[in-house]
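Hi,

Here is the structure I promised to pass on to you. Have a look around it first, and then read my notes below.

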Amino acid sequence: MKKKLKQLFCVMLAVILCMGTAVPAAAATRNQRIAITKYKAYLKKNKGWYSMVDIDKNGIPELVIHNRTKMTNELYTYNPRTRRTVCLKRMSWGKDWAKPRYSVSRHTVIFPQTDTGGYRYYAYRVSGTKAKLALRTEYINGRFVRFGAKYKKGYKVNGKRVSKSVYNKKLSSVTRGGRYPSKASK
């Protein structure tokens, strides 16, 4: 009798565990479908290079886009509570056609920005519906040194002057393994 009761208990436990895991998975795929549908509607109005990828591994993909229509690099996510698409970050590219990079393993998106005086990289750590600045690097090319010492050729990390090797090390720590948006919207 005890053996049959144990077997029944094990079968019931297995059924309960299977039922408990099926519901969140179904909700996650529903949110994924809704997010992708909203992103596709946005891409019909905006041209550029894009990727839909789950950067923060929460089950909802983010949209990373090099938007040629608005001349910006953008990061969007879907908020299932409000059922809206949220723009986490938008940044103009400046003079160059610099594409953003993203790294799923580091949960980051890197936005480049260029101008006549040099270039900057902004690395944002993505978590849910928030993007927090993790690193800001800057290369100053020295073209405007005649306007003051702050325009002297050099490198900065988070606003502090550093050597080239420290700059390269910090920058590679967030860009290593990163990918560029790979699909073109028409």
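E74 has a relative accessible area of 0%, so it counts as buried, whereas R90 is partly exposed because its value is 42%. Do keep in mind that this is a predicted model.

How many salt bridges are there in the whole structure? A search finds 4. Another of them joins R120 to D115, with the closest N and O atoms 2.8 Å apart. Here R120 is buried, at 11% relative accessibility, and D115 is partly exposed, at 36%. E138 and R136 also meet through their side chains, at 3.5 Å from N to O. E138 is buried at 13%, while R136 is partly exposed at 24%. D115, R120, R136 and E138 are linked in a network of salt bridges.

Next, please look at the loop between β8 and β9, where you will find F144. F144 is partly exposed, with 26% relative accessibility. Leaving aside neighbours within four places in sequence, F144 touches T116, G117 and Y151. T116 is 28 residues away from F144 in sequence, yet their C-alpha atoms are 8.9 Å apart in space.

F147 sits in the loop between β8 (130-140) and β9 (154-157) too, and F147 is exposed, at 55%. Together with V145 and Y151, F147 makes a nonpolar surface patch of about 290 Å² accessible area.

Enjoy exploring!

Conventions: Residues are numbered from 1 along each chain as its sequence is written. This is a predicted model: local features need pLDDT of at least 70, side-chain atom pairs count only at pLDDT 80 or more; totals for chains, interfaces and linings use all residues. Side-chain values use heavy atoms; hydrogens and water are left out. Patches are made of residues with over 30% relative accessible area and no salt bridge: like charges are joined within 9 Å, nonpolar side chains (Val, Leu, Ile, Met, Phe, Trp, Tyr) within 5 Å. Accessible areas come from the Shrake-Rupley method with a 1.4 Å probe; for residues, only the protein chains shown count as cover. Helices (H or I, at least four residues) and strands (E, at least two) are DSSP runs, numbered from the N terminus. Buried means under 20% relative accessible area, exposed over 50%, partly exposed in between (1.4 Å probe, protein chains only). Contact means heavy atoms within 4.5 Å.
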